[in-house]
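Here are some notes to read alongside the model.

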2 protein chains.
Amino acid sequence: MNTTEKFTEELKAINAKIKEYISSQSFMSKFKPEDIRDGVYLYLLRSAKSLRPGILSFSCGAVGGNPDSVLPAAAAVEVFHNWTLVHDDIIDNDSLRRGGDTVHVHFQKLAQGRGYSKADAEEYGRNLAILVGDIQHSFAISLFTKLYSEHEFEPALIIKLIDMMELEMNIELVEGETIDVQLSKKPILDITEDDIISMSAGKTGALYSFSAKAGAMLGLETIDENNPQIKSLSKFAYNCGVAFQLQDDILGITGSEEKIGKPYGSDIKEGKRTTIVWFAYNNATAAQKKTILGNLGKRSLERSEIDKMVRLLTDLGGIKHTFELAKKHIDLALLELNNIADSIYKDLLKSWADFMIKRSF
Amino acid sequence: MNTTEKFTEELKAINAKIKEYISSQSFMSKFKPEDIRDGVYLYLLRSAKSLRPGILSFSCGAVGGNPDSVLPAAAAVEVFHNWTLVHDDIIDNDSLRRGGDTVHVHFQKLAQGRGYSKADAEEYGRNLAILVGDIQHSFAISLFTKLYSEHEFEPALIIKLIDMMELEMNIELVEGETIDVQLSKKPILDITEDDIISMSAGKTGALYSFSAKAGAMLGLETIDENNPQIKSLSKFAYNCGVAFQLQDDILGITGSEEKIGKPYGSDIKEGKRTTIVWFAYNNATAAQKKTILGNLGKRSLERSEIDKMVRLLTDLGGIKHTFELAKKHIDLALLELNNIADSIYKDLLKSWADFMIKRSF
């Protein structure tokens, strides 16, 4: 088995363990009423990449810890990621996630089946999705406490991790999401490339970085955030997060609906501010600028118009530039691994980094 | 100073301490961007009753603990309560809270001022309010961790409290809110009085009960939930929570907009399922039943029609019955105090219980 295959196998194994762990009766039976329980598990039981549990486990292993002992933390970052997805899907009006309905659409359809009017069903869908996300947030925190009750980690270390997650990481994550919401209404002229990259850093880098840090701190059983291995793994994951988001923007333009799970051209229709659009716009002629501004954020775009925009953004170098930016962040990330001793886990971390920009989904 | 005055003074003092504590630079400077920070503090800095911090502090004192040492926990339950308000206000489409705009309305107005269209401003308001609530949830958890870093409570006890809050209490709380959302669409014929009371128990009793439990566990420095004093204080607060919610339903019908901070008749217009309506309906003639069903949940009701409904619900005994129910829960609560030694804190707990049904706001 080569490293890439090993990497794929490991992620699959982690995903399976997490699904089994969080679906145990002791957790599942707690969620009430039925609609909330179904909502909590809707994305969690679908097929997922498990990149956050992966980086947490590999980071734990890379500093000499036992990845099996941090399963509750690996599950916690996955569940934490889930509530942010559920709330973001409401915010972004997305209807597809992991190959199925988003939570709010799921409940909207359910309510329609129960005889609600269209408007009432939409409201019910949104309301239940808000509450489901809130409960998943709680579930994630609770999973962290299991590191103590099931694996006997030092309670002071767990408290430190919970505080880092809630007061530092989540503020950064929500900041990224807020800037995303705000940028989409700002004229592209008033945005800098740094604005877009720091949004990406918040939206994905923050939780990646926290996951690496948590894995390493648990692996080393230390509360010292300034430990050089911990700092390196945290920066490694942070830069990979930026690269992931940049690649996501590329797939949002070039990927098929089947692969990426959202309708063709939706990033263009939603007027998403990406480095692709930013770079293309800043290298466009006056006429091309007019075309970009006229089509970006236009919900009624037809397929032929989307095709034309994709070609324009590509021809103006937006895709190539964004891929180079992503590659640059991966190179920065890999440099950090010089501070980590060789091991099978270090190889897995390298594969994890490669995956950020080689993936097609 | 008599006990009632002392009670009012104490709550005011706790409220002031919490405001000062959570507004310190070390917290406030963390929240980003500006809109999120403003949202996080919007309700927190308005005048509030501080009933949850009150019961937490008094319970701590009543078992012999030092209420000053649990300030971060008192702040935590207030901030926790706040995120549930922010999300509930979106769910209930409420526009007033603590004498000012709700968070989503605040951001809606802000966006309109920034030139957003009405629909875009509404969406922005809702989106920011979802994110603000999410950050307040995190803030609450983080405040709990300060019991360790600032007051040296046993980390294992704090982990226990966080787990209780997140996995048990919040599930009950969200269950109450979910049932509320679901009941409002159910025919009144299909609802039992127990449905309504268990919804009230979830919406208010769960966090009251947790606050009392947390205060007592910190006061006794124990993780033993089965300690008789802890169990009694928890049941005491739970029953008071049910009574509070029942009294809230009465004020929702009879209270002035100025006092209760929501428009006259809004509970009737929203079709809220209360024991008032339930009892009145089940004691009504066929003609009266028709009137109740015709007006309940009708958004376009005029003042004279609301007046008529209020009179009808009163004449059919709905208000009286609900007050008796509330009183019954207070009596049940007070019985629990037999297990608590006499002290100034026990007197404050009694005043706290009295307040549930004597308040007019």
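1. Start with A:Glu152, which counts as exposed because it has 9 C-beta neighbours inside 10 Å. For the cut-offs: a residue is buried if 20 or more other C-beta atoms lie within 10 Å of its own, exposed if 12 or fewer, and partly exposed in between, with C-beta atoms placed from the backbone. A:Glu152 sits in the loop between helix 7 (118-149) and helix 8 (155-183) of chain A. Its backbone is worth a look too: phi of A:Glu152 is near 55°, a positive value in a residue other than glycine.

2. A word on what you're looking at: this is a predicted model, where local features need pLDDT of at least 70, side-chain atom pairs count only at pLDDT 80 or more, and totals for chains, interfaces and linings use all residues. Residues are numbered from 1 along each chain as its sequence is written, while chains are lettered from A and ligands numbered from 1 in the order in which they are written.

3. Over in chain B, B:Glu152 has a positive phi of about 55° although it isn't a glycine. The loop holding B:Glu152 runs between helix 7 (118-149) and helix 8 (155-183) of chain B. Is B:Glu152 buried or exposed? B:Glu152 counts as exposed, with 9 C-beta neighbours inside 10 Å.

4. Next, the cis peptide bonds. One goes from A:Lys32 to A:Pro33, with omega near -15°, and A:Pro33 lies in the loop between helix 2 (25-28) and helix 3 (34-42) of chain A. In chain B, the bond from B:Lys32 to B:Pro33 is cis, with omega near -15°; B:Pro33 is in the loop between helix 2 (25-28) and helix 3 (34-42) of chain B.

5. Now zoom out to chain A, which has 17 helices and 2 strands. Helices (H or I, at least four residues) and strands (E, at least two) are DSSP runs, numbered from the N terminus. Of the 361 residues of chain A, 52% count as buried. The C-alpha atoms of chain A fill a box of roughly 65 × 55 × 40 Å along the principal axes.

6. How is chain A divided? Into domain 1 (1-153) and domain 2 (173-361), with bounds that come from an automatic or database domain assignment. Their centres, taken over C-alpha atoms, are 22 Å apart. Across the boundary, 31 residues of domain 1 of chain A are in contact with 27 residues of domain 2 of chain A; contact here means that C-beta atoms, placed from the backbone, lie within 7 Å. On the domain 1 side, helix 4 of chain A gives the largest share, 10 residues.

7. Finally, two spots in chain B. B:Leu71 belongs to helix 5 (residues 71-91) of chain B and is buried, with 23 other C-beta atoms within 10 Å. Leaving out residues up to four places away in sequence, B:Leu71 touches B:Lys17 and B:Tyr21. Helix 13 (residues 275-282) of chain B is mostly covered, with 6 of its 8 residues buried, among them B:Trp278 and B:Phe279. What covers the buried residues of helix 13 of chain B includes helix 9 (193-220) and helix 16 (318-336) of chain B.
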